[in-house]
Amino acid sequence: MEYEIGDIVRTKKEHPCGSKLWEITRVGVDFKLRCVGCGHLITLERQKALKMITKKVSKEDKEYLKWKEKEGNI
Ligand SMILES: [Zn+2]
């Protein structure tokens, strides 16, 4: 699957904040992901990122909207 900046993806492992959703902020040799739950940024090698990601999530997805709601002022 191809990923683009701004895509929301779900990962196998849950972040300590409880979210499994990440926004892609960079693609290339390395992927940069921003936790939708807490804003934490991680950089992963492409291969690792692709292994970790289980699926793309729509911005209409209930789980995504729930986290956005929590985040509030964006
Ligand atoms: Zn988090």
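**Reading the sheet, the core and one exposed isoleucine**

Mentor: Let's start with T11, whose bridge partner in β5 is I53. Keep in mind that this is a predicted model, where local features need pLDDT of at least 70 and side-chain atom pairs count only at pLDDT 80 or more, while totals for chains, interfaces and linings use all residues. Residue numbers start from 1 along each chain as its sequence is written.

Trainee: What about β3 and β4, how many bridges do they have?

Mentor: β3 (residues 30-35) and β4 are antiparallel over 5 bridges, with R34 opposite L41 in β4. Their hairpin has 5 residues between the strands, and G39 there takes a positive phi near 85°.

Trainee: Which order do the strands take in the sheet?

Mentor: The open sheet runs β4-β3-β2-β1-β5, with antiparallel pairing. β4 (41-45) and β5 (53-57) are the edges: each has a single partner strand, so one side of each lacks a neighbour in the sheet. Neighbouring strands are turned by 40° against each other on average, direction ignored; the axes are lines fitted to C-alpha atoms, and angles run from 0 to 180 degrees between N-to-C directions.

Trainee: Why is β4 said to lie largely in the open?

Mentor: A residue is buried with 20 or more other C-beta atoms (placed from the backbone) within 10 Å of its own, exposed with 12 or fewer, and partly exposed in between. Of the 5 residues of β4, 0 are buried, so the strand gets that label. Over the chain, 18% of the 74 residues count as buried.

Trainee: Is I5 buried or exposed, and how do you know?

Mentor: I5 has 11 C-beta neighbours inside 10 Å, so it counts as exposed. I5 sits in the segment before β1. Beyond four places in sequence, I5 is in contact (C-beta atoms within 7 Å) with I24, T25, R26 and V27.

Trainee: What makes a set of residues a nonpolar core?

Mentor: Its members are buried Ala, Val, Leu, Ile, Met, Phe, Trp, Tyr or Cys, joined through C-beta atoms within 7 Å. The largest one has 12 residues, among them I8, L21, W22, F31, I53 and W67. β1, β2, β3 and β5 each give two or more residues, and β3 gives the most, with 3. W67 contacts S19, L21, V36 and G37, leaving aside neighbours within four places.

Trainee: Last one: how does the radius of gyration fit a compact globule?

Mentor: The rule is 2.2 Å times the number of residues to the power 0.38, with the radius taken over C-alpha atoms. For 74 residues that gives near 11 Å, and the chain has 11 Å, so the two agree.

Definitions and conventions
Two strands pair if DSSP finds at least two bridges between them. Helices (H or I, at least four residues) and strands (E, at least two) are DSSP runs, numbered from the N terminus. Two residues are in contact if their C-beta atoms, placed from the backbone, lie within 7 Å.
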